[in-house]
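Morning, everyone. Please have the sequence and the 3D view open while I talk.

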Amino acid sequence: MRSIVADAAITNTEQVVGQTTTTLDNYVDNMLSISSGISTNIFRYTPDEMQAYLNTSQMLSPDIVSITLFDELGEVYKYSPQSIDIKQNITLGSQQWYDETEAETAEDIRFSTPHVQNLFQNYYPWVITNYYSTAVKWDNKIKYTVAIDMSFATIDEYCRNINIGQRGYVFVMGPDGRIIYHPQQQMLNAGMRAEEDWGFIKDKENGAYFYNEDIVMVISTLKNNWKLIGISYMQETRETMNEIIRYMAFAYVAVFFLILLFAAAIARYVSKPVNRIIKAMEIAQDNQFTTYVWEDGFVEVRRLSASYNNMTSRIRELMEQIRREQRELRKTEIRALQAQINPHFLYNTLDSILWMCEKGDNKGAVTMVSSLGKLFRISLSKGREMITVREEVAHAENYLQIQGVRYKDQFSYKIEAEERLLDYKTPKIVLQPFLENAIYHAFGHS
């Protein structure tokens, strides 16, 4: 059973190898397209026109290092670029990449392994030679070999930049098991490093992989039957996974605290307007409906705040209405009390005055008339509803004087009032009803 580490290493290596395969396949397709186009069109020109065609084709493609046309004797017939001097005695058979048997039997363009080009003087680029031998009668010859040297720098640069972890890498192997590209290619060619025993790879199918405790190997087949092999190291994957676990643990803790902060912020956002409503309600318990709450927060709280404010306004309006009605009711009651001067009291008083006049008790009559006049003057008070306590006491005293004469001094009274209270305001005629009640219940008639 594969371990989690192996799964991760294989998956990562497969992804890198898959992306690299796509890029290299595109590059190979481009090389094949260019080589096929040149090989097909080269014999459509006359010998004089061919050189211009080769020069143009070589200049138009930055990946083409040189184009060489060998005749049936293996000698150089045409070549480009002509700006560099070609070496003497260059033949097709002297090229290390050329395999006559393979060239004779091949139906398609062949790819050589990377090598140092040796066609030109003082010019040694690292190239891959695409060559194709064709039997065609042209310019009095019956066989030609077209060799197109493509710069290996593009493949080398791209593959060199492929990293699978810190030490992982990719390399390319030909169908015959020879190494086409390796990040330490020059060391391998110089024998400074022993070549790994990767011979078994050439027979493996596309997508195969192998792994052990140390490495993971993933194999992919390119369109030209090259093998792209990705190598990664288990130890690096273990370290990476441990690092990921540490980061994830840190991230989980950070997210947890962020969630707590977010929850606290949400709770504050929710509770703050609710607490304002609660505080306003506590104030309202003391019959103080003057506090409004801000209508902010989430939708439900805004609606609740608006409802509370409307309720508060309505309660305040109703309380003000009740206060007005109570004031009017008190005024009405006071007016009713003020208007309740017993007609019998007035009639009996006038009758007593008449009786005194008939009896010749002018002094008593004068006293009663004077007291009655003062009584009515205070009762009217020029239309005022409020009078001083001093005036109210005087009104009560005049009333008692009149009743005292009427009842022939059958009762006595004494009025006591603190001097500091006499200038305070009071509704008028509030004492007379009490005095009238007391006399009525004492003598049984008014």
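Let me start with a question: does Asn122 count as buried or exposed? At 71% relative accessibility, Asn122 counts as exposed. The cut-offs are these: buried means under 20% relative accessible area, exposed means over 50%, and partly exposed is in between, with a 1.4 Å probe and protein chains only.

Now the ground rules. This is a predicted model, where local features need pLDDT of at least 70 and side-chain atom pairs count only at pLDDT 80 or more, while totals for chains, interfaces and linings use all residues. Residues are numbered from 1 along each chain as its sequence is written, and side-chain values use heavy atoms, with hydrogens and water left out.

Back to Asn122. Its phi is near 55 degrees, a positive value in a residue other than glycine. Asn122 belongs to the loop between β4 (115-116) and β5. A word on those labels: helices (H or I, at least four residues) and strands (E, at least two) are DSSP runs, numbered from the N terminus.

Asn89 also has a positive phi, near 60 degrees, and is not glycine. Asn89 sits in the loop between β2 and α3. Asn89 is exposed, at 75% relative accessible area.

That loop between β2 and α3 also holds Pro81. The peptide bond from Ser80 to Pro81 is cis, with omega near 10 degrees.

Next, the overall picture. The protein has 11 helices and 13 strands. It has 446 residues, and 38% of them count as buried. Take contacts, meaning heavy atoms within 4.5 Å. Among those with a separation of 6 or more, residues 24 or more positions apart account for 60%. Areas come from the Shrake-Rupley method with a 1.4 Å probe; for residues, only the protein chains shown count as cover.

On to the rings. A pair of aromatic rings is described by the distance of the centres and the angle of the planes. Rings of Phe, Tyr and Trp (its six-membered ring) pair if their centres lie within 6.5 Å; planes under 30 degrees apart are stacked, over 60 edge-to-face, and the rest tilted. How many aromatic pairs does a search of the whole structure find? The search finds 12. One of them is Trp97 with Tyr131, a tilted pair at 5.0 Å centre to centre and 45 degrees between the planes. Trp97 lies in the loop between β2 (76-80) and α3 (100-105), and Tyr131 in strand β5 (residues 126-134), so the pair ties together parts 34 residues apart in sequence. Both Trp97 and Tyr131 are buried.

Tyr169 and Phe171 form a tilted pair too: 6.3 Å between centres, 40 degrees between planes. Both Tyr169 and Phe171 are buried. Then there is a cluster: ring pairs link Phe43, Tyr77 and Tyr144.

The criterion is NZ of Lys or CZ of Arg within 6 Å of the ring centre and within 35 degrees of the ring normal. Arg167 does likewise over the ring of Tyr233, with its charged end 4.1 Å from the centre.

Now salt bridges: a side-chain nitrogen of Lys or Arg within 4 Å of a carboxyl oxygen of Asp or Glu. The whole structure gives 10. In one, Arg238 joins Glu213, with the closest N and O atoms 3.3 Å apart. Arg238 lies in helix α6 and Glu213 in the loop between β9 (209-211) and β10 (215-221), so this pair ties together parts 25 residues apart in sequence. Arg238 is partly exposed at 28%, and Glu213 is exposed at 61%.

Glu416 and Lys414 also bridge, at 3.2 Å between the closest N and O atoms. Both Glu416 and Lys414 are exposed. Glu418 meets Arg420 at 2.9 Å, N to O. Glu418 is partly exposed at 44%; Arg420 is exposed at 60%. Salt bridges with shared partners also join Arg390, Glu419 and Asp423 into one network.

Last stop, helix α6 (residues 234-284), where Phe256 lies. Phe256 is partly exposed, at 47% relative accessible area. Together, Val253, Phe256, Phe257 and Leu260 make a nonpolar surface patch of about 390 Å². Patches are made of residues with over 30% relative accessible area and no salt bridge: like charges are joined within 9 Å, nonpolar side chains (Val, Leu, Ile, Met, Phe, Trp, Tyr) within 5 Å.
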